Amino acid sequence: MTGSTAGRTDTAADRLPAWRAPAATRSNALPAGAWWLWALGLATAASRTTNPLLLGLLVGVAGYVVAARRTDAPWARSYGMFIRIGLFVIAVRLLFSVFLGSPIPGTHTLFTLPEVPLPDWAKGVRIGGRVTAEQLLFALYDGAKLAALLICVGAANSLANPARLLKSLPGALYEAGVAVVVAMTFAPNMVADVLRLRTARRLRGRPTGGVRAVLQIGLPVLEGALERSVAVAASMDARGYGRTAHVPAAVRHTTNVLTLGGLLGVCAGTYGLLAAEGAGYGMPLLVAGLAAAMAGLRLGGARSVRTRYRPDRWGVRAWLVAGSGAAVAAAMIWAGNADPAALHPGVVPLTAPVLPLWPAAAVLLGLLPAAVAPVPPSPTGFEERV
């Protein structure tokens with residue numbers, strides 16, 4: 001009976017319905033690129049609208065997925081920091097509108113600040129003066145758009161393992177990718193160190209606020225960051241990082257031409273797609289630039305001598321996560337062309353924003369990762385009982 005019970009316990013997870021998300025393990029964890037594609041899709045959708053209702057819905061979708069699928073890793077705690085940065089961006093945008101004015105005309109005057117006289121060569125610029133409700137509402141919409149974009153990117157930073165993302169980069173970008181990964185992990189680790197030191201000081205009955213406490217906490221935090229940097233450098237040196245293969249000069253020159261030409265083609269194609277008069281040549285230039293850039297990156301990877309341990313495999317769940325973000329971005333772009341007034345509510349005259357139904361329904365597609373992505377283990381290491 002003991003053997004049969006153990007057999008049933010071992011196969012209990014296999015008998016779960018196929019649609020239920022499995023528990024996350026090292027073998028079935030989603031590739032970091034899937035999370036970044038999902039988050040960039042939400043960020044693209046946020047960049048196409050100034051409707052505060054849609055922006056709030058995008059932030060809510062990103063926050064729900066982060067709450068449902070983030071782990072207890074140090075980088076997973078950075079989402080709250082991105083929310084604070086977004087609120088700070090909105091506050092700065094409103095302050096700039098109040099003190100530096102706005103080109104938005106308005107008739108509803110809220111208050112008037114003393115205006116600083118400026119010389120004739122500074123026409124069009126003012127400091128102080130009349131502040132209207134229309135200009136503040138326009139600044140609020142504009143700041144909320146940038147804040148939502150930052151929060152969506154912060155969701156990817158909280159869900160994706162930077163080390164796994166580094167494994168997916170082409171060999172030509174490996175060195176630049178290491179610098180990006182170190183930069184992305186430094187801030188979350190520093191925040192974790194600050195929280196750990198403040199908790200230790202609080203348990204010892206020492207103050208955690210004030211200039212003196214900040215100075216006493218800052219030195220251990222910088223010391224810990226330096227130790228991590230030295231440890232990373234030692235591990236990279238032990239693994240032979242920096243070795244390059246011999247590549248002929250002709251291949252190097254071809255790589256530079258393809259990469260530079262491809263990037264210029266991507267820039268020109270993107271400009272053509274954004275500009276109304278360049279719609280005819282934008283897509284061909286973009287496709288040709290992408291092809292040339294990919295060829296250059298592939299040739300450039302030949303000089304990087306490295307192997308890949310346990311490469312990430314893109315399964316059905318990874319494609320669903322990435323595809324949900326792409327679907328949200330595509331739906332918002334199409335909605336902007338079909339009904340731009342719904343995505344960009346006017347401020348002159350003052351009108352309340354309206355939530356467009358089918359773009360809002362398209363944004364809800366971004367919730368798919370909360371259902372299909374593997375469930376991370378609880379911080380205590382034990383599963384919740386239902």
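Why does S324 count as buried? The relative accessibility of S324 is 4%, so this residue counts as buried, a class that covers relative accessible areas under 20%, with exposed meaning over 50% and partly exposed the range in between (1.4 Å probe, protein chains only). The structure is a predicted model, in which local features need pLDDT of at least 70 and side-chain atom pairs count only at pLDDT 80 or more, while totals for chains, interfaces and linings use all residues. Residues are numbered from 1 along each chain as its sequence is written, and side-chain values use heavy atoms, with hydrogens and water left out.

The chain as a whole comes first. Its secondary structure consists of 14 helices and two strands; helices (H or I, at least four residues) and strands (E, at least two) are DSSP runs, numbered from the N terminus. Of its 386 residues, 33% count as buried. The accessible surface is about 23,300 Å², and carbon and sulfur atoms account for 68% of that surface; such areas come from the Shrake-Rupley method with a 1.4 Å probe, and for residues only the protein chains shown count as cover. Contact means heavy atoms within 4.5 Å. Among contacts between residues at least 6 apart in sequence, 78% join residues at least 24 apart.

S324 belongs to helix α11, which spans residues 316-338. When neighbours within four places in sequence are left aside, S324 is in contact with W38, L365, L368 and P369.

Two packed helices are described by the angle between their axes and the distance between the axes. Here the axes are lines fitted to C-alpha atoms, for helices over the stretch in contact, and angles run from 0 to 180 degrees between N-to-C directions. For α2 and α11 the angle is about 10° and the axes are 8 Å apart. The two helices are therefore roughly parallel to each other, given that angles under 35 degrees count as roughly parallel, over 145 as roughly antiparallel, 65 to 115 as roughly perpendicular and the rest as oblique. On the α2 side, the contact involves A34, W35, L37, W38, G41, L42, T44 and A45; α11 contributes A318, V321, A322, S324, G325, V328, A329, M332 and I333. These residues divide into 13 nonpolar, four polar and no charged. In this classification Ala, Val, Leu, Ile, Met, Phe, Trp, Tyr, Cys and Pro count as nonpolar, Asp, Glu, Lys and Arg as charged, and the others, Gly among them, as polar.

Helix α2 (residues 32-47) also packs with helix α3 (residues 52-69), at an angle of about 165° and with the axes 9 Å apart. That angle makes α2 roughly antiparallel to α3. W35, W38, L42, A45 and A46 of α2 meet L55, L58, V61, A62, V65 and R69 of α3. By class, this contact has 10 nonpolar residues, no polar ones and one charged residue.

Two further residues extend the picture. A39, in helix α2, is buried because its relative accessible area is 1%. Its contacts, neighbours within four places in sequence aside, are with C152 and A156. Although A39 and C152 are 113 residues apart along the chain, their C-alpha atoms are separated by 5.5 Å. A330, in helix α11, is partly exposed, with a relative accessible area of 45%.

Finally, the peptide bond from V348 to P349 is cis, with omega near -5°. P349 lies in the loop between α12 (340-343) and α13 (357-363).
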